[in-house]
Amino acid sequence: MTTALSTAVAVAATGLVLVAPTATAAAPVNATATVAAPTAAAAGASLPFRSVEAESATTNGARIGPDHTQGSLASEASGRQAVRLNAGQSVEFTLPAAANALNVAYSVPDGQSGTLAVYVNGQSANKTLAVTSKYSYINTPWIAGAKQHHFFDNTRLLLGQNLAAGARVKLVASVQTTVDVADFEQVAGASAAPAGSVSVVSRGADPSGAGDSTQAFRDAINAARGATVWVPPGTYRLTQSLSGVDNVQIKGAGSWYSVIRTSRFIDQAGAPTGRVQLRDFAVLGEVTERVDNNPDNFVNGSLGPNSVVAGVWIQHLKVGFWLMGNNTNLVVENNRILDTTADGLNLNGGANGVQVRNNFLRNQGDDALAMWSLNSANVSSTFANNTVSQPNLANGVAIYGGRDITVSNNRIQDTNALGSGIAISNQKFADPFFPLAGTITVSGNTLVRTGALNPNWGHPHGALRVDAYDSAIDATVNINNTTFDNSPYSAFQFVSGSGTGKAVRNVNVNGATITKAGTVAVQAETAGGARLSNVRATGVGAAGIYNCPYPAGSGTFTLTDGGGNSGWNTVWQGCSWPARTP
């Protein structure tokens, strides 16, 4: 990663830096004809597991939260609540479906480690889950407003037995452990080697994890051009990254069986000319802090045109995918990206026709999914049907520039500190940057407890932010069928995050359901305008609309009523920021 990239990533979560405005400028809602709301589709990924929140389970521990205070443990938890167990205490889950595997999101105090003993239906399973603070308690002092964060981690286990729905799984702590959520999964057996594949073991890889398998992987890749590299069940340790990965498939027996331990899997600057496929294995890293100069990523660079990444478990890296160069028509689907200290995935310019779909991301230290149009524009690329939980420093989905981009049917929950659920932005971070252009489509997304107080400017990011940070937004931005659930602050926000009053224009909102918003339904803080139709709100905290462009005298923001709106027609008077209704 270059110095320019490092600087840009470091400031990617800083957001708006300004003081509260002082002048009143409340623009009217102008009525026009009603527009029918488009039809909504299901939001989020189709996942192979079922999650059960610890606070809904049986426990003799203490429930913590809900809390939205930056730097608190509960604020980074799923649902803003969790269960704290002292040594010897337990939490017991009832399985909602059959399962033979378990993944637990947890936190232990800084500097400690221990275990969670597993009991099934009251009997010891003779298995434990390791818990540690090793990958937690991240500090990023170069990001303005950031506090220590990234408190939770994930630990997984094959139970060794098939459990029916209704079975009880109890976890008993050996040290103080805060349990957030448990994922229960029925994992299929390990798959067999594809015909004609080249096994890494045949080239000298050590499936015990003791030896260094780097050269064996390189030799297998070179031998399998146009074919498949097979990673049999086992654990393989790589001490260096792979490059020259071109015209080859790397396939494992499944992400619970074929495990590669490395903090840098693929790092290649040049664009491959042939298709690359990465399927059905896990890459578990050892990244314990965020160092932006280090390519501590699952993929750093390019996989080349028409490539596919599917069924991969990515954990304890800095970034899952930091994609540059030619990734035309890349498909990233059905993956799990957990516990990254920075982004989950970032399309870092030049992404043409990329599809990122049906992935699960939890506990990112920056944007979970981002498109950043640096050096060249991202074009006609899509984030669709992904589930994002607990990005603890920035946004769930962030679009920084680009042309004809789509964000559709994603489920995003529990953003923290410096982010929105979705940000559509002209914040450039570095040059050359390609601002938003063409049509930006944001459709069918569900945002749960998203938006957060930005400590740099004393009032919040909305759940869905349209931000003319470094340049006016002149692209057409169509926002359809958004579901907002328990937004801590506002639902929609229109802002120039640089505090220079650049305009947000050509925004069309058609169809939204707002169920509880802590402050307002619409937060307008810059010049420009938006047309809103079929936006229905209940449980709005202070008023329907906050409309006060900053700086004073920079213009007005006009909200045009397209019809079908209800529950948010009141206007907050003045430019002081309204207090949040819990």
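This is a predicted model: local features need pLDDT of at least 70, side-chain atom pairs count only at pLDDT 80 or more; totals for chains, interfaces and linings use all residues.
A search of the whole structure finds 1 disulfide. The bond joins Cys-548 to Cys-575, with an S to S distance of 1.5 Å. The pair links distant parts of the chain, the two cysteines being 27 residues apart. Cys-548 lies in the loop between S50 and strand S51 (557-563), whereas Cys-575 belongs to the segment after S51. The torsion about the S-S bond of Cys-548 and Cys-575 is about 80 degrees, and the disulfide is therefore right-handed. With a relative accessible area of 1%, Cys-548 is buried; Cys-575 is likewise buried, at 5%. Both values fall under the 20% limit for a buried residue.

Strand S50 comprises residues 543-547. Of its 5 residues, 5 are buried, so strand S50 is largely enclosed by the rest of the structure. Strand S48 (residues 520-524) runs parallel to S50, and 4 bridges join the two. Within this pairing, Ala-524 stands opposite Asn-547 of S50.

Elsewhere, 5 strands form an open sheet with antiparallel pairing, in the order S3-S6-S11-S8-S9. Its edges are strand S3 (58-59) and strand S9 (123-132), each of which pairs on one side only. Strand S9 is joined to strand S8 (residues 113-120) by 8 bridges, and these two strands run antiparallel. Gly-114 has Val-131 in S9 as its bridge partner. In general, strands of a sheet pair through backbone hydrogen bonds, in either a parallel or an antiparallel manner.

Technical notes. Residues are numbered from 1 along each chain as its sequence is written. Side-chain values use heavy atoms; hydrogens and water are left out. Buried means under 20% relative accessible area, exposed over 50%, partly exposed in between (1.4 Å probe, protein chains only). Two strands pair if DSSP finds at least two bridges between them. A disulfide is a pair of cysteine sulfur atoms within 2.5 Å.
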